[in-house]
Amino acid sequence: KGKFRQNQSWVSEFILLGFSSDPTTNRILFIAFLLLYLSSVLGNGLIVTLICLDMHLHTSMYFFLCILSLLDMGSVTTTMPQMLVHLLAQSQTISFAGCWLQMYMFGALGLTESIFFVVMAYDRYVAICYPPRYAVILSWGLCTWLSAGTWACGFFFFVIHTFFTMRLPYCGLACMDTNLIAMVDLVISVFMVVAPLSLIVASYIRIAQAILKIKSMQPRCKAFSICASHLTVVTFFYAPATYIYIRPNSRYSPEQDKQISLFYNVFTVLLNPVVYILRNKDIKRAFLKVIQEGEKATMVEIHDDS
């Protein structure tokens, strides 16, 4: 959120309003947001590292989880460092080009992640509904194409939104007919929320039907466990996204938007590694293995030094 500074007929920079004008409050917020940011990056970075190091995690499911963690780290890094700087800095401005780049990267990564959740839902669908053919259907070639396709779609479609938004003249608010950008926003909302969420729901309906046909309780519980982490992350991603992009304009509230955007950008990203590390036995096993190997290496170094 911000105001702007204008030089005759063109905007040179925006003034970020932030959360508070009180320096003491800003310092407290800086420490809190810094801890959240570092936890988010370290948590998602840990997942990427564990998946790369452990050969047992070199499957399509963990390949997709690795991509999700990279998307989350990119998304939170797009906005949080800038916010941390402005919480302590005297200048609260951001250049027009910097604002353009930040908006594009954040939106493109968010749209990519939204589409990528559909790919992850398809992975769960194949794993549960067609377990004998899982490795054949989701070959490494298909996984690579699906991942590259989601990145390409996200970054391409958000170019359109950013282009039309930044071409608007600004005079307090955009001082021209904004029907075109509203239509672009509607199309982006369909691509970002409605279509992906519909495909995810359809996938999980088929998954639930397949799970209910399993007679043995242990395989049924394992199948539910496989889907639980993904469903949790999807819920916390789409709930605030649906509110932000689908709600009517009459319910617009700048202050409430700040809070929801903070949850959407920071807490959801922090939630992903917490959910997957705590609930996924393979990730926990890989983590414990790395710790044990580190302890062994430390003991060897101490023995050599002595």
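**Exercise 1.** Determine whether phenylalanine 64 is buried or exposed.

*Solution.* Buried means under 20% relative accessible area, exposed over 50%, and partly exposed in between (1.4 Å probe, protein chains only). Phenylalanine 64 has 0% relative accessibility, so this residue counts as buried. Phenylalanine 63, with a relative accessible area of 21%, is partly exposed.

The model is predicted: local features need pLDDT of at least 70, side-chain atom pairs count only at pLDDT 80 or more, and totals for chains, interfaces and linings use all residues. Residues are numbered from 1 along each chain as its sequence is written, and side-chain values use heavy atoms, leaving out hydrogens and water.

**Exercise 2.** Classify the ring pair of phenylalanine 63 and phenylalanine 64.

*Solution.* Rings of Phe, Tyr and Trp (its six-membered ring) pair if their centres lie within 6.5 Å; planes under 30 degrees apart count as stacked, over 60 as edge-to-face and the rest as tilted. The whole structure holds 12 aromatic pairs. For phenylalanine 63 and phenylalanine 64, the centres are 5.8 Å apart and the planes stand at 50°, so the pair is tilted. Phe63 and Phe64 also belong to one aromatic cluster with Phe116 and Trp140.

**Exercise 3.** Identify the residues that isoleucine 283 contacts, leaving aside neighbours within four places in sequence.

*Solution.* Contact means heavy atoms within 4.5 Å. On this basis isoleucine 283 touches Leu50, Ile51, Leu57, Tyr62, Leu65, Tyr276 and Ile277.
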